[in-house]
Amino acid sequence: IVAPIDGMVLDLKADLGQTVSASTTTVVLFTLAHDLGQMELQIDVDEADIGKVQVGNSAAFSVDAYLGQSFPASVSEMHFAPQTVDGIVTHPTILTIDNSDLRLRPGMTASADVTVEEVTDVISVPNAVFRYTPPVAPAATRRSSGLLGMLFSGGSPGDRNRQNTSKTNAVTKEGFRNLYILKDGEPTRIAVKTGVTDGDTTQVLEGPLTAGDLVITAQSSR
């Protein structure tokens with residue numbers, strides 16, 4: 001028996017001295033790997049993100065065997081056939097990786113991040129600033145209970161909750177969003193035009209915001 005390729009034996013299906021028969025099905029004796037120095041990583045990209053990914057994009061992934069370490073990769077193939085699991089549609093994508101040191105092994109579970117756009121030397125803010133609105137000062141109410149107290153307070157508790165809900169941070173047609181900065185000890189609302197985001201921080205393109213300004217992400221009561 002001659003090996004068809006040079007490589008590494010990954011699995012042995014037969015023992016020494018075992019009798020095998022190939023009368024009905026093909027018998028697998030060995031599982032061979034041609035070159036483990038060049039491997040592929042198969043990832044599933046969500047349908048909401050697949051439109052941003054292109055062949056040639058750089059990526060980075062990590063495996064449980066090497067916690068805290070990141071390995072470089074690049075997108076080499078994008079399959080059009082979708083996969084649906086539990087109602088979630090994904091598209092298989094292939095990443096090419098360099099495994100010349102043979103640290104990575106077939107079958108490992110990996111988590112990958114694909115870089116679809118990159119900007120440097122820009123002003124950015126945490127996304128939490130767009131979810132913050134200062135609390136509305138409660139109106140003066142009389143110490144009453146029942147229906148009379150609700151009338152003096154200006155409505156039901158549900159109405160009061162609706163007053164505290166603000167839509168001022170929604171994105172306008174021009175791409176501007178409102179956020180609050182700390183100025184003279186008080187929250188001051190400003191409008192900025194936003195750019196790309198990585199899910200944690202967002203680029204600021206225009207607006208009265210400079211590096212070092214104190215932006216407000218949350219407020220706690222004492």
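**Burial, cores and confidence**

Tutor: In this predicted model, 22% of the 222 residues of the protein chain count as buried. The accessible surface of the chain comes to about 16300 Å², and carbon and sulfur atoms account for 51% of that area.

Student: How many helices and strands does the protein chain have?

Tutor: Read from the N terminus on, the elements run β-β-β-β-β-β-β-β-β-α-α-β-β-β. The count for the protein chain is therefore 2 helices and 12 strands.

Student: Which element gives the largest share of the largest nonpolar core?

Tutor: The largest nonpolar core has 15 residues, and Leu41, Phe61, Ala73, Leu95, Ile97 and Leu104 have the most contacts inside it. Two or more residues come from each of β3 (38–46), β4 (58–63), β5 (71–78) and β7 (88–98). The largest share, 4 residues, comes from β3.

Student: How many residues does the second, separate core have?

Tutor: This core includes Val125, Leu179, Ile181 and Val204. Its size is 9 residues.

Student: Does Gln203 count as buried or exposed?

Tutor: Gln203 lies in strand β12, residues 201–206. Leaving aside residues up to four places away in sequence, Gln203 touches Val119, Val122, Ile123, Ser124, Lys193, Thr194, Gly195 and Val196. The cut-off for burial is under 20% relative accessible area. Because its relative accessibility is 11%, Gln203 counts as buried.

Student: What percentage of contacts between residues at least 6 apart in sequence joins residues at least 24 apart?

Tutor: One residue with contacts beyond four places in sequence is Leu95, whose partners include Met39, Leu41, Ala73 and Ala112. For the protein chain, among contacts between residues at least 6 apart, the share joining residues at least 24 apart is 57%.

Student: Over which residues does pLDDT stay under 50?

Tutor: The mean pLDDT of the protein chain is 82, and 82% of its residues reach 70 or more. Where pLDDT is low, the predicted coordinates should not be read in detail. The model has 9 contacts beyond four places in sequence for the stretch in question, residues 150–167.

Definitions and conventions
Residues are numbered from 1 along each chain as its sequence is written. This is a predicted model: local features need pLDDT of at least 70, side-chain atom pairs count only at pLDDT 80 or more; totals for chains, interfaces and linings use all residues. Side-chain values use heavy atoms; hydrogens and water are left out. pLDDT is the predictor's confidence in each residue, from 0 to 100. Contact means heavy atoms within 4.5 Å. A nonpolar core is a set of buried Ala, Val, Leu, Ile, Met, Phe, Trp, Tyr and Cys residues joined through side-chain atoms within 4.5 Å. Buried means under 20% relative accessible area, exposed over 50%, partly exposed in between (1.4 Å probe, protein chains only). Accessible areas come from the Shrake-Rupley method with a 1.4 Å probe; for residues, only the protein chains shown count as cover.
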